[in-house]
Amino acid sequence: MTGFANFGAALWELATFTTLFHVTWATLLGIFVGSLPGLTATMGVALLTTLTYTMDRDAAILVLLCMYVGAIYGGSRSAILLNIPGTPASAATALDGFPLAQQGRAGYAMGLATAGSAFGTLIGIILLVMLAPPLAEAALKFGSYEFFWLALFGIVISGQLTGGSSPLKGYIAGMLGLMVAMVGSDGIHSHVRLTGGWGELNGGIGLIPAMVGAFGFAEVLSVMWQSVPQMANGKSKGSSLPALVDLWRYRLTIVRSGVIGTLVGIIPGVGEDIGAWASYAAARRKSPERDQFGKGSTEGLTAAETGNSAVVPGALIPALTLAVPGSAPAAVLIAALFIHGIRPGPMIMLEAPTFIYSVAAMMVFATIAIGVFGVALTPLFIQVLRIPRAWLMPVVFTLCVIGPYALTQRIFDIWVMVAFGIIGFLMRQMNYPVAPLVLGIILGDLLDKSLRRGLILSDGDVTAFFTRPISAGFAIIIATSIILSIGPVRRFVAARNPFTRKARG
């Protein structure tokens with residue numbers, strides 16, 4: 001109980017007007033950054049770090065955490081309204097959020113996403129306070145072999161979730177993303193590969209231009225192509241406050257997604273997007289309404305938003321106790337901690353024994369802020385739906401151009417965005433899912449480095465990837481998932497499942 005006593009003391013100490021002021025503006029700025037396609041939580045935290053040099057240590061960490069929490073949550077706004085994830089963490093949210101908006105339930109979808117984000121963050125905070133040291137130790141057991149299988153598992157899961165009636169299309173899209181991730185200098189020896197002689201590709205294809213193009217510009221092209229705009233309609237029926245009965249009905253989904261998201265966050269280098277996909281997969285597997293997933297499922301939306309928000313406190317566990325980032329924004333936070341005199345790592349409990357509890361308390365204030373602003377600003381966000389297509393699409397395209405260019409000031413990144421927009425548009429026309437493509441790009445670097453490091457450590461012996469317990473477990477799960485996704489096998493298993501026969505009877 002000592003941990004929760006310290007947590008309560010930290011909450012009381014932070015309950016000041018200055019804290020509320022910083023929480024207000026930083027969370028609002030984070031929601032704004034997350035809502036705009038191309039402006040990621042990582043970029044928001046990095047840019048804000050440069051403005052905190054002269055601030056008090058606790059105030060500086062507070063505003064950076066509020067930016068982080070707000071940006072991850074803010075990505076759901078554009079994902080629901082425009083089918084354009086504001087951040088990679090919101091890609092799973094778009095699967096059910098946008099169909100709900102098309103049904104005229106945009107306000108309710110945004111309210112449900114707000115509730116899911118708040119509960120997910122709170123669950124992660126509780127686990128942060130309770131389990132930081134032992135869970136951080138567990139993360140140390142993941143080596144190159146385990147990271148290879150984890151990356152491959154993420155792509156397999158994404159392919160199955162968004163591949164529609166043919167998971168093969170999802171796998172193809174994921175492998176295409178892996179191929180894109182291989183372009184440029186490799187991460188071990190800096191050997192340039194697959195660039196075709198283009199010097200601009202030596203550093204690889206940026207995730208942000210590719211993601212904005214595949215989701216954003218492709219959406220613009222799709223809307224222009226269709227005679228009837230496939231956008232959310234301009235009216236939102238029903239309340240923007242989620243009904244308590246719905247939250248109670250999905251209580252197990254919320255708790256399960258919060259725990260999964262936190263555990264995913266603990267694994268270094270994985271991030272919020274994997275937390276969302278893993279939570280979404282678990283909810284779909286357990287739900288009696290799994291056929292509604294991807295068509296406007298409120299349970300799917302809740303699971304995705306709860307999962308990606310729970311990753312935020314989960315990612316801080318290895319960041320604070322091991323100085324190993326659980327996500328890209330957490331890596332920036334580690335740098336900010338050093339700047340402000342905090343040394344994250346195993347010694348933090350001796351040098352700053354109450355700091356972890358202060359961080360948890362700061363995140364509670366940020367969670368309250370996204371709950372208040374999420375509900376209060378929903379009517380404002382819904383007004384986006386009333387903008388005529390002829391006005392909205394040029395604005396969206398402008399944001400798609402500004403976002404990638406603002407990161408590197410390279411015209412080349414704009415062309416990358418355009419290229420991936422065309423690729424994404426063609427994939428949609430052929431009924432190929434786009435999410436596995438982007439996820440393949442995200443996980444490609446991790447998979448490539450882990451595979452090559454593992455082969456170096458084992459002197460080229462591939463059996464090492466199958467003999468370690470965790471690696472073997474991942475390999476079995478991946479193989480089973482792929483086999484069960486084959487149509488005849490799936491029907492064979494279903495025909496011999498006693499529960500399936502009972503349901504048919």
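This is a predicted model: local features need pLDDT of at least 70, side-chain atom pairs count only at pLDDT 80 or more; totals for chains, interfaces and linings use all residues.
Residues are numbered from 1 along each chain as its sequence is written, and side-chain values use heavy atoms, with hydrogens and water left out. Local features require pLDDT of at least 70 and side-chain atom pairs count only at pLDDT 80 or more, whereas totals for chains, interfaces and linings use all residues.

The protein chain comprises 24 helices and 2 strands; helices (H or I, at least four residues) and strands (E, at least two) are DSSP runs, numbered from the N terminus. Of its 505 residues, 56% are buried, where buried denotes under 20% relative accessible area, exposed over 50%, and partly exposed in between (1.4 Å probe, protein chains only). The accessible surface amounts to about 21,500 Å², and carbon and sulfur atoms account for 69% of this area. Accessible areas were computed by the Shrake-Rupley method with a 1.4 Å probe; for residues, only the protein chains shown count as cover. Among contacts (heavy atoms within 4.5 Å) between residues at least 6 apart in sequence, 78% join residues at least 24 apart.

Helix H2 spans residues 17-35 and includes Phe32. Phe17, Phe21, Trp25, Leu29 and Phe32 form a nonpolar surface patch with about 550 Å² of accessible area together. Patches consist of residues with over 30% relative accessible area and no salt bridge, like charges being joined within 9 Å and nonpolar side chains (Val, Leu, Ile, Met, Phe, Trp, Tyr) within 5 Å. A salt bridge is a side-chain nitrogen of Lys or Arg within 4 Å of a carboxyl oxygen of Asp or Glu. The buried residues of H2 include Thr19, His22, Val23, Ala26 and Thr27, as well as Gly30, Ile31, Val33, Gly34 and Ser35.

Thr302 belongs to helix H13 (residues 298-322) and is buried, because its relative accessibility is 1%. With residues up to four places away in sequence not counted, Thr302 touches Leu112, Tyr250 and Ile254.
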